[in-house]
Amino acid sequence: MASNICVKIHKLDARVKIPEYATGNSAGVDLRSMIDCVIESGERALIPTGIKIALPENYEAQIRPRSGLALKHGIVIPNTPGTIDADYRGEICVIVMNLGREKFEIKSGDRIAQMIFAPVVRAEFLEVDSLDETERGSGGFGSTGRA
């Protein structure tokens, strides 16, 4: 069962819609563009959403791409997931990149990304002289094979 948190939201313009969950089981809320713009192939843009939020302590908001935009148009978020910290109070803006072959037009109100809320776990670091051995060891970047 999902747990709920209270996220305070401030709209910067009366035209802005408060983010919504598309379905009862959606993990994220849709973020919408506040502006019209065109992103050329291979270019990126910072898209304002017209909202500011205040998260509870020990939570973050993750900004993620919309799968349909990625598949159909090559529209991605290069720093996925983007992180909104609990103490950030500025406008939420989304870095959008066009990896498609054609320019992509965004209209004000278009859904451009999704926002997911997650608890934050902070690490305490313990310096040691060595680490325990594992079967994988230091292998990475495909070392476990493709099958």
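This tour moves through the structure one selection at a time.

The model is predicted, so local features require pLDDT of at least 70 and side-chain atom pairs count only at pLDDT 80 or more, whereas totals for chains, interfaces and linings use all residues. Residues are numbered from 1 along each chain as its sequence is written, and side-chain values use heavy atoms, with hydrogens and water left out.

**First stop: the sheet that contains E10**

Select strands E2, E10, E5 and E7, which form an open four-stranded sheet in that order, with antiparallel pairing. Strands and helices are DSSP runs numbered from the N terminus (E, at least two residues, for strands; H or I, at least four, for helices), and two strands pair if DSSP finds at least two bridges between them. At the edges stand E2 (29-32) and E7 (82-84); each has a single partner strand, so one side of each lacks a neighbour in the sheet. Neighbouring strands here are turned by 35° against each other on average, direction ignored; the axes are lines fitted to C-alpha atoms (for helices, over the stretch in contact), and angles run from 0 to 180 degrees between N-to-C directions.

Next, display E2 together with E10 (residues 111-119): the two run antiparallel and are joined by four bridges. Within this pair, Val29 stands opposite Met115 of E10.

**Second stop: the largest pocket**

Which strand gives the most to the lining of the largest pocket? E10 does, with four residues. By class, the lining comprises 15 nonpolar and three polar residues, with no charged ones. Ala, Val, Leu, Ile, Met, Phe, Trp, Tyr, Cys and Pro count as nonpolar, Asp, Glu, Lys and Arg as charged, and the others, Gly among them, as polar.

Asn4 itself is found in the segment before E1. At 75% relative accessibility, Asn4 counts as exposed (buried means under 20% relative accessible area, exposed over 50%, and partly exposed in between, with a 1.4 Å probe and protein chains only). A distance drawn from the C-alpha atom of Asn4 to that of Ser138, 134 residues apart along the chain, is 39 Å.

- E1 and E4 (residues 44-54) pair in the antiparallel sense over four bridges; Lys11 has Ile51 as its bridge partner in E4.
- E4 and E8 are paired antiparallel over six bridges, and the partner of Lys52 in E8 is Glu91.
- E6 and E8 (residues 91-98) run antiparallel and are joined by two bridges; Ile75 is partnered by Asn98 in E8.

How many disulfides does a search of the whole structure find? The search finds zero, a disulfide being a pair of cysteine sulfur atoms within 2.5 Å. The sulfur of Cys93 is 12 Å from the closest cysteine sulfur, in Cys37, too far for a bond. Cys37 is buried at 17% relative accessibility, whereas Cys93 is partly exposed at 29%.

Most residues other than glycine have a negative phi, and most peptide bonds are trans. Select Thr80 and Pro81, which are joined by a cis peptide bond with omega of about -15°. Pro81 is found in the loop between E6 and E7.

Move to Asn58, a residue other than glycine whose phi is positive, near 70°. Asn58 is placed in the loop between E4 and E5 (59-64) and is partly exposed, with a relative accessible area of 48%.

Finally, select Leu69 in helix H1 (residues 67-73). Leu69 is buried at 12% relative accessible area.
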